[in-house]
Amino acid sequence: MKFIPTLIIVLGSLWSFLPEMGLAAEKPNILIIMTDDQRADTIGALGNAHIQTPNLDKLAERSLVFSNGYCYGAHTAAVCIASRNQLMTGYVWHRWAPKKFCAADGETLPRVMKAAGYETFYREKSGRSNHPEILNQFDESKSVDSVQALMSGRACKTFVDDALHFLKHQRNTKKPFCMYLGVAGPHDPRFAEKRFRDLYELKDIPLPENFKPLHHWDIGSMTIRDERLEEWPREAEATRTHILDYFALITAMDHDLGRLLDYLEESGLNDNTIVLFTSDHGLALGSHGLFGKQNVYEVGMKVPFMVAGPDIKPGKTEALVYLHDIFPTVADYGGAILREQHDGLSLRIVIQRETESVRDVLTLAYQGSQRSIRDNQWKLMVFPQINKLQLFDLHHDPGETKDVAAKHPEQVTRLWEKLVEQQSLLGDKQPLVVDQPKEAAFTIPIGVTVFPRERVGGESQFHTED
């Protein structure tokens, strides 16, 4: 029996070294917040002096902010479908197109996190954005009527109420939780309560630096729903009205998200919870003469991307990252084992400052009409259906207003070759040139119905208490 004390001492010694070995007994909780249609430049603390987002500002101050977070793109005009399916699987849309949804029988975020010991919770805006079978893989899963939420003037309230009820009354406290909130807004219709709209005056709303009345080329999806939210050519005053609606809704959303973030702090859950805030894609809203997200400009696919949590040092990084990196990242933090080779990569080594980036270039792909590739300075955009391209120097022209392709043919050639390489790696079979291109010029459409103003945004008829 003499061996027993020795065995206890050995095990005790091993236990004391578990944190250094990366095997700490307590796994972090995971909270993923994904908004809908939110541009990367719509958080006060990240440089927008015209919007009020006090709660997201506080989150940004304790986060590692990824300045170059992107949705990879989509094969559907409803970019949110591809975006969310990419997040849930870690794969790009080429892996399942032309099918609407990704496959649900392999490794998915809920399936992997449950296997790692997590209790999983899901709330998503309605509209069948995610594969129905993936929804069923969560322990707790429900969709929320997005139009009703948006018309209420408090787009996030129901989502946050449900999340708080789960955290306070339902969750299994013996397990870590992995919570996904795919909230409604700031997608249209953009209605906010009077108290949030009163924070803004139209005369103070700036136009985007890259505002144009019309886009110069037909790059595909030029007259779809999102583009019909305003007349052509785009007028400055009308565009400012849309932006006021947008800002007021984001402020209303910030209010309710703040209730959730405050509870995490007050309850002590912050001490062991990783919070990842992002959006499914951006929105042009007047930039480049466009209004939707069906484009590979920065305004279309770049998203806010912030990660906060225990032992995560606040700051900023220029690392090039995707939304489909989120699944491998949270799996990594949760101690899950991924056996498939996903397109997404874990960002944990960037978050822990072990490396500056996980990739040198980043590509974007929208349907068969648009492709782009960027590195830390240059961005090449290719429009295969019209055989046109543009090159931008993002260091000196982050708004993508000056095409410098003619001045830098060597960068065009270099990035073109890298784009072809990335297409091969990602299963993207779209040729970058076509034999019979369409007419490139975009002309004002005739007979296309534009949505009436009262359906797009304004002051909510409702008022709710906090």
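## Close-up views of a predicted model

**View 1. Asp262 and Lys58 join their side chains in a salt bridge, with N and O 3.7 Å apart.** A salt bridge here is a side-chain nitrogen of Lys or Arg within 4 Å of a carboxyl oxygen of Asp or Glu. Asp262 belongs to helix 9 (residues 236-267) and Lys58 to helix 2 (residues 54-61), so the pair ties together parts that are 204 residues apart in sequence. Helices (H or I, at least four residues) and strands (E, at least two) are DSSP runs, numbered from the N terminus. Asp262 is partly exposed, at 26% relative accessible area, and Lys58 is partly exposed too, at 44%. Buried means under 20% relative accessible area, exposed over 50%, and partly exposed in between (1.4 Å probe, protein chains only). As a note for reading this view and the others, this is a predicted model, in which local features need pLDDT of at least 70 and side-chain atom pairs count only at pLDDT 80 or more, while totals for chains, interfaces and linings use all residues. Residues are numbered from 1 along each chain as its sequence is written, and side-chain values use heavy atoms, with hydrogens and water left out.

**View 2. Helix 2 and helix 9 cross at roughly 45°, and their axes come within 7 Å.** Axes are lines fitted to C-alpha atoms, for helices over the stretch in contact, and angles run from 0 to 180 degrees between N-to-C directions. The two helices, helix 2 and helix 9, are therefore oblique to each other. Angles under 35 degrees count as roughly parallel, over 145 as roughly antiparallel, 65 to 115 as roughly perpendicular, and the rest as oblique. On the helix 2 side you will find Pro54, Asn55, Leu56, Lys58 and Leu59, which meet Asp254, His255, Gly258, Leu261 and Asp262 of helix 9. The residues of this contact divide into four nonpolar, three polar and three charged. Ala, Val, Leu, Ile, Met, Phe, Trp, Tyr, Cys and Pro count as nonpolar, Asp, Glu, Lys and Arg as charged, and the others, Gly among them, as polar. Contact means heavy atoms within 4.5 Å. Buried residues in helix 2 are Asn55, Leu56, Asp57, Leu59 and Ala60. Their cover includes strand 2 (63-70), helix 9, strand 8 (273-279) and strand 10 (305-308).

**View 3. A network of salt bridges links Arg154, Lys157, Asp161, Glu193, Arg195, Asp256 and Arg259.** Look for Glu193 in the loop between strand 7 (190-192) and helix 8 (194-197). Glu193 is buried, with 0% relative accessibility. Its side chain makes a polar contact of 2.9 Å with the side chain of Arg195. A polar contact is a pair of N or O atoms within 3.5 Å; within protein, one must be able to donate a hydrogen and the other to accept it, and residues adjacent in sequence count only if both atoms are side-chain atoms.

**View 4. Gly153 sits in the loop between helix 6 (146-151) and helix 7 (157-170).** This glycine is buried, at 0% relative accessible area. Gly153 and Ala192 are 39 residues apart in sequence, yet their C-alpha atoms are 3.7 Å apart in space. Setting aside neighbours within four places in sequence, Gly153 is in contact with Phe191, Ala192, Glu193, Phe196, Ala252 and Ser460.

**View 5. Arg84, in helix 3 (residues 79-89), is buried at 0% relative accessibility.** The side chains of Arg84 and Glu124 are joined by a polar contact of 2.9 Å. Beyond neighbours within four places in sequence, the contacts of Arg84 include Met34, Asp36, Tyr180 and Asp280.

**View 6. Asp332 and Arg348 form a salt bridge, with N and O 3.5 Å apart.** Asp332 is in helix 11 (residues 326-333) and Arg348 in helix 12 (residues 348-351), 16 residues apart, and the pair links distant parts of the chain. Both are partly exposed: Asp332 has a relative accessible area of 31%, and Arg348 one of 24%.
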